[in-house]
Amino acid sequence: MGNNASQLEKEIGSEQLPANEHYFGLVNFGNTCYCNSVLQALYFCRPFREKVLQYKQHQKNNKKESLLTCLADLFYNIATQKKKVGTIAPKKFITRLRKEYELFDNYMQQDAHEFLNYLLNRVSELLQEKQGTKPKNGGSDNQPGSKSEPTWVEDLFQGTFTNETRCLNCETVSSKDEDFLDLSVDVEQNTSITHCLRGFSSTETLCAEHKYYCEGCCSKQEAQKRMRVKKLPQILALHLKRFKYMEQMNRFTKLSYRVVFPLELRLFNTSDDACNPDRMYDLVAVVIHIGSSLNRGHYISIVKSDGFWFLFDDDIVDKIDSNAIEDFYGLPSDLQKNSETGYILFYQSRE
């Protein structure tokens, strides 16, 4: 697997490459594929890229370096290259990341999902500081009037799920809303993303020692509990929980289960009062884990750009056929062997 820039241009035909698009592999600085794969996926989430580039535009005179300024510089470097295909070294970004967060300050393989989470939350924090809307003096986000204003990170990625509990004695339903920037779903063998999402929202009965304290009955009662999506985000990031801690082995094992992820997705696990239940999504990027365990594997990403699919493996860029996506669903049998499996899926809403 692998193409240099001129081979790729030859293969697709330079005139066929979209006029305003650039395909640049990222140099690996010692096990930084977890970072490179997420950065490529986010770069090809067009609304996210546009916001980062707008930020770069507005911060021309800002000399203070942050993870966000380094991200903006990287995206700008890719977007303004004269060539359409090539390689870029995200050295400044990686240096800043290692400086900011001790978990990433080494040459060990890290979890791509953990990095995505850190990056989105950190960018949001930096934007809030810029807006002056961050709760001061360690004020809790739950205190009245201290809740931070949403930034464009929340505008793009934040959805809301509602946790509904129904008392089986008095039928009272209580619900609690929670925001998310990505949804983590359990995986099972030979299933689909829709099945995983149904599992996320399946009804659980609380009984025996797990009974629920009902305010209406003023006592512990049997109840039914379920989680449903109330607000669907513009970009839906789905994290497949492929790493399971096995106590008897004292380590995480990888679930290489075959989970089909479609090119188009509609969520069926929405609440009755969902504000946009019919939202249609298109798959725009997938971060893929290759290997048999959490800390030993390798990450690559596939992205959709102007009708083409591309594979990014650190500094290597390849054009792939859309049928090749099936290779990343997982293994149909439970053999514990090296596998290439979809790990984080990025779906973008159509409107």
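Visitor: Where does Glu 149 lie?

Guide: Glu 149 sits in the loop between α6 and α7 (152-157). Helices here are DSSP runs of H or I of at least four residues, strands are runs of E of at least two, and numbering starts from the N terminus. This is a predicted model: local features need pLDDT of at least 70, side-chain atom pairs count only at pLDDT 80 or more, and totals for chains, interfaces and linings use all residues. Residues are numbered from 1 along each chain as its sequence is written, and side-chain values use heavy atoms, leaving out hydrogens and water.

Visitor: Why is Glu 149 called partly exposed?

Guide: Its relative accessible area is 46%. Buried means under 20%, exposed means over 50%, and partly exposed is in between (1.4 Å probe, protein chains only). So 46% makes Glu 149 partly exposed.

Visitor: How far apart in space are Glu 149 and Leu 39?

Guide: The C-alpha to C-alpha distance is 25 Å, with 110 residues of sequence separation.

Visitor: How do you know that α4 and α6 are roughly perpendicular?

Guide: Helix α4 (residues 67-79) packs on helix α6 (residues 112-131) at about 110°, their axes 9 Å apart. Angles of 65 to 115 degrees count as roughly perpendicular, under 35 as roughly parallel, over 145 as roughly antiparallel and the rest as oblique. Therefore α4 and α6 are roughly perpendicular. From α4 the contact takes Leu 67, Leu 68 and Leu 71; from α6 it takes Tyr 118, Leu 119, Arg 122, Val 123, Leu 126 and Leu 127. Contact means heavy atoms within 4.5 Å.

Visitor: What is the make-up of that contact of α4 with α6?

Guide: Eight of its residues are nonpolar, none is polar and one is charged. Asp, Glu, Lys and Arg count as charged; Ala, Val, Leu, Ile, Met, Phe, Trp, Tyr, Cys and Pro as nonpolar; the others, Gly among them, as polar.

Visitor: What makes α5 roughly perpendicular to α6?

Guide: The axes of α5 and α6 cross at roughly 90° and come within 13 Å. That value makes α5 roughly perpendicular to α6. Phe 93, Leu 97 and Glu 100 of α5 meet Phe 115, Tyr 118, Leu 119 and Arg 122 of α6. This contact holds five nonpolar residues, no polar ones and two charged.

Visitor: Which residues of α5 are buried, and against what do they pack?

Guide: In helix α5 (residues 91-100) they are Phe 93, Ile 94, Arg 96, Leu 97 and Arg 98. They pack against α2 (33-43), α4 and α6.

Visitor: How do you know that the buried residues of α8 line one face?

Guide: In helix α8 (residues 193-200), Ile 193, Cys 196, Leu 197 and Phe 200 are buried. Seen down the axis of α8, they fall within an arc of 95°, so they line one face. An α-helix has 3.6 residues a turn, so residues three or four places apart point the same way.

Visitor: Why is β11 called mostly covered?

Guide: Six of the seven residues in strand β11 (residues 235-241) are buried.

Visitor: What makes β5 and β11 a pair?

Guide: Two strands pair if DSSP finds at least two bridges between them. Strand β5 (residues 183-186) and β11 have four, and run parallel. Asp 186 stands opposite Lys 241 in β11. β11 also pairs with strand β20 (residues 339-349), antiparallel over five bridges. There Ala 237 faces Phe 346 in β20.

Visitor: Why are β4 and β7 called edge strands?

Guide: They belong to an open sheet of four strands, ordered β4-β3-β10-β7 with antiparallel pairing. β4 (173-180) and β7 (204-206) each pair on one side only.

Key
Axes fitted to C-alpha atoms, helices over the stretch in contact; angles between N-to-C directions. Arc of directions from axis to C-beta.
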